[in-house]
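Let's take a friendly walk through a protein model, looking at its rings, strands and helices. Have the picture open as you read.

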Amino acid sequence: MKLQRKNRLRATALGALAVSGALVLTACGSDDNTESTTSGDKTAAASSIKCDDAKGQVLAAGSSAQKNAMDLWVKNFQQACAGVEINYQPIGSGGGITKFTQGQVAFAGSDSALKPEEVTASEKICKGGKGINLPMVGGPVAIGFNVPGVDSLVLDAQTLAKIFDSKIKKWDDKAIADLNPDAKLPSTAIQAFHRSDESGTTQNLNKYLKAAAPAEWNYDDSSKSWEAKGGQAASGSSGVASSVKDTEGAIGYFELSYATASNLTTVKVDTGAGAPVEATTENASKAIAAAKVKGTGNDMALELDYATKAEGAYPIILVTYEIACDKGNKAETLPSVKAFLNYTVSDEGQKVLSEAGYAPLPTEIAAKVREIVPTLS
């Protein structure tokens with residue numbers, strides 16, 4: 001099964017590369033799913049990394065969606081740059097931003113761009129500057145389910161909103177049955193799982209439900225915390241995925257590779273297009289490719305279309321950013337931060353991810369980020 005999973009991830013990544021403007025992250029797998037599937041001469045790959053004056057330890061924290069991306073990047077970077085340690089803690093986007101604005105980490109990972117108040121808070125740490133959003137990878141937020149006897153499931157935004165708001169409580173509810181006329185749906189109670197921690201993944205699901213089902217989803221789409229009624233909480237994407245796998249009748253949301261690592265079937269989303277859309281890197285890329293830069297100056301925050309009805313475009317998407325000070329970085333960690341981020345956004349850093357089931361940034365976005373990282377001061 002491990003070999004099959006690797007082959008499936010490799011095939012998915014190659015498919016995503018064929019899509020123009022793909023900005024896709026299958027995101028991180030389970031916390032134990034950290035083995036590198038990178039092929040080829042690792043020493044040769046690492047030798048192209050420019051260490052510059054990197055040295056010492058760099059503390060970073062945030063998005064669990066990019067944990068496996070970080071694992072690969074850190075492994076290769078530290079292999080090339082002796083004496084440097086990048087210590088990334090996948091504590092969730094909210095926790096990472098808090099640590100960043102409190103000056104506890106050199107940079108943070110977040111599945112959503114900084115809010116205005118978070119930018120203001122960052123100015124106390126970034127002396128003479130502020131925190132900026134640098135996109136690195138993106139991809140689909142999958143809706144995984146565990147319903148015995150059901151191996152294919154279609155849901156739309158309205159039905160998903162009611163499920164996660166505890167308004168639909170049984171799997172054989174008419175709303176679900178109407179979308180799945182050929183499925184043998186049991187009367188099993190729905191066990192909906194959500195994140196217990198502040199999460200950009202939660203925020204992106206909120207944004208999707210608010211954009212695509214505004215009448216059914218009456219919650220703040222800027223919140224990283226879960227606000228809907230009922231359901232059960234679990235820590236991190238790995239916790240939600242594990243809970244869904246272990247609970248009959250369960251449903252939950254997490255990055256795609258968590259579903260792959262846990263062998264969970266994912267929901268196909270009825271967006272109003274000609275056919276329901278499966279959660280794949282290629283389908284997410286079709287939605288993310290339409291992203292527009294809404295940040296100003298060196299800030300690269302992106303605006304995503306969660307209500308897309310484009311054929312084959314998967315709408316529940318996220319982009320993971322690295323958040324750093326544009327000015328006012330700590331002198332002792334700045335060289336290492338710049339060298340590391342220069343590597344992650346480089347052709348080499350992006351190619352490493354593609355071989356592990358990820359896809360690189362679109363050319364135009366990557367080019368802009370590559371221009372910004374060297375200017376960090």
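## Rings, strands and a helix

Start with the aromatic side chains: ring pairs link Phe164, Trp217, Tyr219, Trp226 and Tyr253 into a cluster. Keep in mind that this is a predicted model. Overall, the count comes to eight aromatic pairs. One of them joins Phe77 and Tyr343: with ring centres 6.4 Å apart and planes at 25°, under the 30 degrees cut-off, the pair is stacked. Phe77 belongs to helix H3 (residues 67-80) and Tyr343 to helix H12 (residues 334-344), so this pair ties together parts that are 266 residues apart in sequence.

Are these two rings buried or exposed? Phe77 is buried, with a relative accessible area of 0%. Tyr343 has 4% relative accessibility and also counts as buried.

Now compare that with a pair from the cluster. The rings of Trp217 and Tyr219 have centres 4.9 Å apart and planes at 65°, so here the pair is edge-to-face. Both of these residues, Trp217 and Tyr219, are buried too.

A handy rule for helices: an α-helix has 3.6 residues a turn, so residues three or four places apart point the same way.

Next come the strands. How many residues of strand E6 (residues 191-195) are buried? Four of the five are, so E6 is largely enclosed by the rest of the structure. Strand E8 (residues 250-255) is mostly covered, with six of its six residues buried. Here is how the strands pair up:

| Strands | Sense | Bridges |
|---|---|---|
| E6 and E8 | parallel | two bridges |
| E6 and E7 (residues 232-234) | parallel | three bridges |
| E4 (residues 131-146) and E8 | antiparallel | six bridges |

Gln191 has Ala250 in E8 as its bridge partner, while Arg195 has Ala234 in E7. On the antiparallel side of E8, Val141 stands opposite Glu255.

E6, helix H8 (residues 200-212) and E7 make a right-handed β-α-β unit.

Methods
Residues are numbered from 1 along each chain as its sequence is written. This is a predicted model: local features need pLDDT of at least 70, side-chain atom pairs count only at pLDDT 80 or more; totals for chains, interfaces and linings use all residues. Side-chain values use heavy atoms; hydrogens and water are left out. Buried means under 20% relative accessible area, exposed over 50%, partly exposed in between (1.4 Å probe, protein chains only). Two strands pair if DSSP finds at least two bridges between them. A crossover is right-handed if, with the strands pointing away from the viewer, the path from the first strand over the helix to the second runs clockwise. Rings of Phe, Tyr and Trp (its six-membered ring) pair if their centres lie within 6.5 Å; planes under 30 degrees apart count as stacked, over 60 as edge-to-face and the rest as tilted.
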